[in-house]
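Welcome! Please take a look at the sequence and the structure below, then read on for a short tour of its core and its rings.

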Amino acid sequence: MEKVEKIVSNVVFFLLCMLAVLLLFEQYVQIPIWLQPIGRMHPLVLHFPIGFVVLLVFVNIFRKQLDEVSYQKVNKFLLLLTALTTTLAALMGFFLSREDGYTSDLMSLHKWLGAAVGYIMYALILTYDNKKVYQILLYTGFVSIVLAGHFGAGLTHGTDFLTEPITKTQNTEYD
């Protein structure tokens, strides 16, 4: 398992370095046509890290229900999977954002929060043995992924998607 940990950790580090370079030089980046389908897989892949972050939180909340060895194995495996899928989703999202039509402030918030989640998940790997820092980063990552998801949903469904049925009902009652 240590070998797999090192490989996944190094792959995530490499992808995050690539993401940092792409974000820094964003205005100069043009995604080649053969890479665009990878960017368009962003909506498919992004659901994995969301679920994995929630699972990580639950595993940590119910840590006392598991024996220590089981907890360590499950938590470490989930953490590596979360860091990898989060980073892949952020990279794919960046590719997608370079296509026409993605220039709003909401897009910018979603992009930067999504990238931040990738870095937070990698920081969790680095701080795994420091329980306090790990907990702070885990819950910061959870809040960040919820916000990034909210802004992403606003991009695809509109900013009033969740409240539309309520506001529509209230408006018709007063007409």
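A nonpolar core is a set of buried Ala, Val, Leu, Ile, Met, Phe, Trp, Tyr and Cys residues joined through side-chain atoms within 4.5 Å. Keep in mind that you are looking at a predicted model. Its largest nonpolar core has 36 residues.

**The core**
- Leu19, Leu79, Phe94, Phe95, Met121, Leu124 and Tyr134 have the most contacts inside this core.
- At least two core residues come from each of helix H1 (2–24), helix H4 (47–61), helix H5 (68–97), helix H6 (105–126) and helix H7 (131–157).
- Which helix gives the most to this core? That is H5, with 9 residues.
- Leaving aside residues up to four places away in sequence, Leu124 touches Leu79, Tyr134, Leu137 and Leu138.

**Aromatic pairs**
- The count comes to 5 aromatic pairs.
- In one of them, the ring centres of Phe13 and Tyr122 are 5.9 Å apart and the planes are at 40°, so this pair is tilted.
- This pair links distant parts of the chain, since Phe13 is in helix H1 and Tyr122 is in helix H6, 109 residues apart.
- Is Phe13 buried, partly exposed or exposed? Its relative accessibility is 43%, so Phe13 counts as partly exposed.
- Tyr122 counts as buried, because its relative accessibility is 13%, and buried means under 20%.
- The rings of Phe94 and Phe95 have centres 6.5 Å apart and planes at 65°, so they form an edge-to-face pair.
- Both Phe94 and Phe95 are buried.

**A charge over a ring**
- Lys76 has its charged end over the ring of Tyr128, 4.0 Å from the ring's centre.

Conventions: Residues are numbered from 1 along each chain as its sequence is written. This is a predicted model: local features need pLDDT of at least 70, side-chain atom pairs count only at pLDDT 80 or more; totals for chains, interfaces and linings use all residues. Side-chain values use heavy atoms; hydrogens and water are left out. Buried means under 20% relative accessible area, exposed over 50%, partly exposed in between (1.4 Å probe, protein chains only). Helices (H or I, at least four residues) and strands (E, at least two) are DSSP runs, numbered from the N terminus. Contact means heavy atoms within 4.5 Å. Rings of Phe, Tyr and Trp (its six-membered ring) pair if their centres lie within 6.5 Å; planes under 30 degrees apart count as stacked, over 60 as edge-to-face and the rest as tilted. A charge sits over a ring if NZ of Lys or CZ of Arg is within 6 Å of the ring centre and within 35 degrees of the ring normal.
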